[in-house]
Every structure is written in structure tokens, then in C-alpha cells.
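Work through the exercises below with the sequence and the structure side by side, and try each task before reading its solution.

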Amino acid sequence: MRRSFLLIACLGALLLSACGGESSLPKATGKGSIRMINAIPGSPDIVFLIEERALGGVGYKNSSTPVTYDDLDYLFNFEIRYPGDLALTRVASEALKVERDREHMFLLTGDINAPTITAWDGNVRDFEESDTVFEVRFGHATASLGDIDIYFDEPDTVLGTNPPIATLSFGEIADPADFQQGPYVITITDAGDLDTVHFVSYETDLLPQFAHVISVFEGDGNNTGPVAVRSMTSVGNPLAFPDSAFPPQTRFIHAAYLLESVDVYDDELLTNLVAADVQFKAATADLETTADPKTYYFTPVNSQATILFEFGVGGQPAGAFSHVYLVGEPDDYRAILEFPDRASALLNAKLRIYHGALNYQFLDVYVKNRDELIEEEDSLETVTVYRNLSDPIQLDEGSYDIYLTERDTKTELAGPYPIDVVLGDVVEIMAVDTADPTVVELIDVPVPAP
């Protein structure tokens, strides 16, 4: 028994220390920070993984929240879900050693099926409680722009008075710089050319003790301007810098069957006509507005004797689009503010339905291949709720028929409503009442071209 015990003890010692030697396993000496930035226009959410552990999904123009890991070697993976697939597909991988007290950012650009990965690195910034500065680094993630100069100035500074904070080619990131708390304006021009201005931000007051990575992206269908600038701080707070040359825009869409045509004003004295003769089932063009709070007043066409109803808006996001839907019934007309998703997608078409049919609180939505009927075993695409936009429905390129039914039944209220889509299309349909309470009408609401 003693001989067996000694043999086991020796084997254990060999396994633990190789008979007196140290373990060959790597040892961490500290931690570093990692995150990813999605700069592929129209991409679906990209799932970011360290080895096989998911760190979150990241949409276009967004960054994952920074997380810290031991300073060891890892394989980072990037996955997407193709339309119609249940499982994720790995589209890229990158091996990297996390360095102690360093921040590692993976910038994904190019083809969504095989993204280009660029590593942006820097030191993790630690601020003292007494610090009155913030840190800024600018990155160029806009393939459609060439070399750019980026200016970061106090308000009312004449452009060119100070040198650019950075001159960057696509895929590059600038060195960090510190600035005192206060309002600043970001201006982007062609490199060496003050006359070719691509972007001028509103004044933005930046607080101390934050480290900003401010990335320049190509604007998509949800931006009123062609360039989008966004920051992700070291603690994960996203911040958008809208283009001051492209104010927010809104459009009015009439979905109330019993409401007459209306004029729209934005002042109580009814002196500033915003939209004239908005008719049932019609939509205005996109109209420039402001981010300030305001109230809209709806009157009969060509009459200021009566205000039919009014609608207060607490403020609209600068640089974004909004829709104001007119819904309801006599003595309860109202306007509903919605923010559409107009961004084109690389891998699918997108369909959303606005439910403005007063007679039904809920409607089930079915999307069938052209000339196919609803079968009992069919599963619904989504449920629409009165006065709301439906969740987006992703579609492959093709021809389809849309049906609306009563909730939890196959009783058809509308359809077949035909649509033809190609990849990248954005389609919005509106459901409205008719003279027959058992029939709902579907109306195409054209999305203005960007």
C-alpha cells in the first residue's frame, strides 16, 4: 500500500510541476480592453465573439461595449445570421494577443460575406477625479470618402484658423488628444481643401473624464445627411453628432377614414402653414423641421376658423426622419409620431406595416409567395397593433402577396396585396378602414429616395 501511495504522489507531482519545473501554461499579468465597430453599410447585426463566447450583436454605425480580458492570446470570431437561417454563420476570425492596459478595436469594413478586419489599438485611459479634460480619437470608416481633414474647434472658430486634429485615409485612426470640457464643432473636409466640406456638426458640449473614439461613417437611409459621425466612449455611452446642414425631416400621413383633408400649421396663430390639403390615404413629402419642441395644429383645408386637433412633439432627433400618422375617430383624432427604418439592407428587403384601421385593435400579417393562399398550418409573420408600426419583416428577392387577418384567425380582412422586391428594398404599407367594417384596405406609402 505504501509503494502505491508513493507512486501516485510522484505521478501527481509530475503532472503539476514536471518534477520540480514550472507550468508551461501562459499566465496573465493584467487586463486589456476589446470592442468591435461595424462599418459595413446595410449589414445585419454582426455577433462578436471571443473564442466561442458571444459579446453581443453590433449593427451598422455602432460599437460593442468595451469589455476587459486577461492579456493572453485569443481567437476573435464574427458571425451573422443570413435571412431564413436559424443558425449563425461565421464570416471572419482574427487572432490577437490582448495587451495589458491597452484597448483593441476591431473595425469591420468591406464585404459582409468576408469582412476586412482592421485593428485599432491604443492605451486604456484612466482619469483622475480632478481631471477637467476628455480624450478624443478620430477614425475614418467611410469608404466613399478619400483622404479627409478633421477639425475639432470651439464654436464660431473660422475654419482653418487651427490646423486639423487629424488627416486620415480610410481605415486609419488618429492619435489621442486631450481637450477641456466645453462645446465643440466637428468639421470634415477633403484633405488639404477647406472648400470641400463634407460635414459640420452642431455644437456639442462634451464632459470631462471620458475617452471618445469618434468614427466617421457613410450615412444610410436613416440619416438626412450623407455622412454620419458617432462616438463610443470608454464606458460604452454612444453619442451621435448630426450634420447641422441637414436638419431633421418629417412627413404627415393621413390614415383616419372619417377625418376630412387637413392643413397643418406649427404655430398657435396659424400663420405658418407646414403642409396643405393632406388627404386620406396620402402622405406628404419629407419636410424640414427642427429638433426643438413644437406643436402642430390641424385645421380643415383653407379654413382657420377651427382647430380640429393639435399634437405636441417634445423634440425630434437631429439628422433623423420621422412620420406623423393621423388616426382616430370624431372627437378622438390624434397624431402619432413614429421613427421609420429606411436603411437599406444588403441581404434582404424590409417590409413594415402601419396599422391605422380603427375597427381592429390587432391584425395578423401573412406574407405568401405570389398567388399562394393562406393555409391553416401557415405561421404568421408578425402582429400589428393599432396606431403602431409593425416589426420589420425580412424578405428575399421575389414576388409576394400580403394578407391581413383577424387576430388568431385565418379570417381575411385584406389581401392579396401584391408586392415585388429586390434585395435592399424598403417597403412600407399602411392598413386603413373602409366603408365596410369587415374589410381593411392596404395602401403603399412610398419611401422617398435618399
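A residue is called buried under 20% relative accessible area, exposed over 50%, and partly exposed in between (1.4 Å probe, protein chains only). The structure is a predicted model, in which local features need pLDDT of at least 70 and side-chain atom pairs count only at pLDDT 80 or more, while totals for chains, interfaces and linings use all residues. Residues are numbered from 1 along each chain as its sequence is written, and side-chain values use heavy atoms, with hydrogens and water left out.

**Exercise 1.** Find T224 and decide whether T224 is buried or exposed.

Solution. Begin with the position: T224 belongs to the loop between β17 (211–218) and β18 (227–233), where strands are DSSP runs (E, at least two residues) numbered from the N terminus. Next, take the relative accessible area of T224, which is 12%, so T224 is buried. Finally, look at the surroundings of the side chain: one of its polar atoms lies 3.4 Å from the backbone oxygen of P247.

**Exercise 2.** Which side chain meets that of K294 in a salt bridge, and where do the two residues lie?

Solution. Start from the general idea that side chains of opposite charge can pair when their charged atoms come close. A salt bridge is counted when a side-chain nitrogen of Lys or Arg is within 4 Å of a carboxyl oxygen of Asp or Glu. The partner of K294 is D266, with an N to O distance of 3.7 Å. This pair links distant parts of the chain, since K294 is in strand β24 (residues 294–300) and D266 is in the loop between β21 (262–265) and β22 (273–278), 28 residues apart.

**Exercise 3.** Describe the salt bridge between R342 and D286, including the burial of both residues.

Solution. First, the N to O distance in this salt bridge is 2.8 Å. The pair joins distant parts of the chain, with R342 in the loop between β27 (334–338) and β28 (349–355) and D286 in the loop between β22 and β23, 56 residues apart. Both R342 and D286 are buried.

**Exercise 4.** How many salt bridges does a search of the whole structure find, and which residues are linked with E52 in a network?

Solution. The search of the whole structure gives 17 salt bridges. In the network, E52 is linked with E79 and R90.

Definitions and conventions. Helices (H or I, at least four residues) and strands (E, at least two) are DSSP runs, numbered from the N terminus. A polar contact is a pair of N or O atoms within 3.5 Å; within protein, one must be able to donate a hydrogen and the other to accept it, and residues adjacent in sequence count only if both atoms are side-chain atoms.
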